[in-house]
Amino acid sequence: MRAQLVEDFTAFVHGTGAQLERAALLLTGDHHLAEDLTQATYAKVYAAWRRISDDPLAYARKTLLHTYISHRRLRRNSEQPVDWTEDRPATGSDAELRIDVLDALATLRALDRAVIVLRYWEDRSVADTAIDLDISEDAVRTRARRALQKLRPILANSERTPS
Amino acid sequence: MTEHDRGAEELGTLLRDRVRDFHPDLAALTASAIRAGGRIRYRRRLTVASTTLGGVAAAAVLAVQLAPTSSPSPDGFAAAPSPHPSTPAGPSRCLPPLQAQVPGPAQVGRQTPSPCPTPPAAPQTVPVTFDAPGWTCDTPADDKFTCGDGASTVLVTVRPAKFHSDYLNNSDKADPTQFVSGIHDGSFATIQLVGGNASTDHLAEYLTWN
């Protein structure tokens with residue numbers, strides 16, 4: 001019975017691991033934190049496997065998001081997001097202008113970043129994003145609009161970045 | 001196409017480009033997740049086992065404490081008074097209302113103590129708080145309170161530890177969508193989904209014992 005569980009779980013991780021760890025990278029902005037977050041998520045999925053086997057991906061996605069948000073909530077008093085729109089000069093060499101999209105995401109609050117990742121990377125609908133994050137659809141629209149407004153100057157800079 | 005749509009499309013492209021070359025080690029990820037997940041399951045089983053043992057021990061202690069006062073002596077004589085009575089003798093001695101109204105066999109013929117005065121009503125409190133961002137909770141009543149965020153509603157209930165194993169194992173009470181906490185100072189809490197799609201397991205992270 002355990003062998004079957006391990007086999008099913010292994011297949012699940014191999015089918016979804018890349019997607020989840022990439023989402024974790026976009027959320028955390030750091031490879032090591034992304035690995036930790038993904039591992040913690042899959043550990044919880046494995047522990048709950050028998051009762052979530054009907055839709056483990058939904059459970060894994062929610063676990064990833066909530067683990068990330070609660071982790072950020074614990075650290076938010078000691079960390080302030082970097083405001084690239086204010087701190088970075090608008091002029092300079094190409095190298096200075098090149099801003100990594102992960103750095104741009106770091107200017108957002110945790111929940112806004114999660115909305116951006118779900119809506120524009122995973123192409124989740126407003127309704128699905130609202131369910132994943134346990135917030136209202138209006139909140140998803142508002143946060144997405146606000147985050148895009150904040151990212152727009154940074155995206156404009158990256159457009160001028162040589163590839 | 002609006003400016004918002006263009007920005008969203010452009011951002012989506014940037015995000016996909018950024019992580020396209022990121023390939024995690026899935027074999028290592030699987031192995032570490034199974035190890036860590038196995039530890040989580042082991043701790044859960046340990047909690048259930050210790051809770052069951054604790055409940056049995058508590059019931060045994062309670063039975064021993066109640067035995068001399070609730071049952072008559074088998075040889076027909078009244079039980080000898082304890083050299084160290086648990087309640088002080090004297091005019092201030094009182095009984096809880098039920099015992100005062102229905103005297104037991106050993107109390108017939110004796111002076112019946114007066115019932116305890118009813119304590120003043122105090123605002124109800126529960127030993128847990130729920131502080132999830134975007135969620136608001138009602139005032140606790142009968143050891144329970146509801147919380148909601150506009151989309152989902154959950155019922156948080158504090159229960160005596162003796163029912164803990166029922167809520168984990170009994171098919172009548174164990175609900176797959178319901179979160180059951182560990183035991184804290186003789187109580188445990190359940191989070192039951194009343195409406196919406198919130199995950200009670202995730203919401204449990206915002207449950208704090210006072």
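Two residues are taken to be in contact if their C-beta atoms, placed from the backbone, lie within 7 Å. The model is a predicted one, so local features need pLDDT of at least 70 and side-chain atom pairs count only at pLDDT 80 or more, while totals for chains, interfaces and linings use all residues. Residues are numbered from 1 along each chain as its sequence is written, and chains are lettered from A, with ligands numbered from 1, in the order in which they are written.

On that basis, 39 residues of chain A touch 36 residues of chain B. Several helices (DSSP runs of H or I, at least four residues, numbered from the N terminus) of chain A each bring at least two residues to this side, among them α1 (2-28), α2 (31-47) and α10 (137-159). The top contributor is α1(A), with eleven residues. Sorted by class, the chain A side holds 20 nonpolar, ten polar and nine charged residues; here Ala, Val, Leu, Ile, Met, Phe, Trp, Tyr, Cys and Pro are nonpolar, Asp, Glu, Lys and Arg charged, and the others, Gly among them, polar.

Within chain A, α1(A) also meets α2(A), through residues including A:Phe9, A:Val13 and A:Leu20 on α1(A) and A:Leu33, A:Leu37 and A:Tyr42 on α2(A). This contact splits into ten nonpolar, four polar and two charged residues.

Then there is A:Asp123, which sits in the loop between α8 and α9 of chain A. A:Asp123 is not a glycine, yet its phi is positive, at about 55°. A:Asp123 counts as exposed (12 or fewer other C-beta atoms within 10 Å of its own, placed from the backbone) because it has 10 C-beta neighbours inside 10 Å.

Definitions and conventions:
Buried ≥ 20, exposed ≤ 12 C-beta atoms within 10 Å, placed from the backbone.
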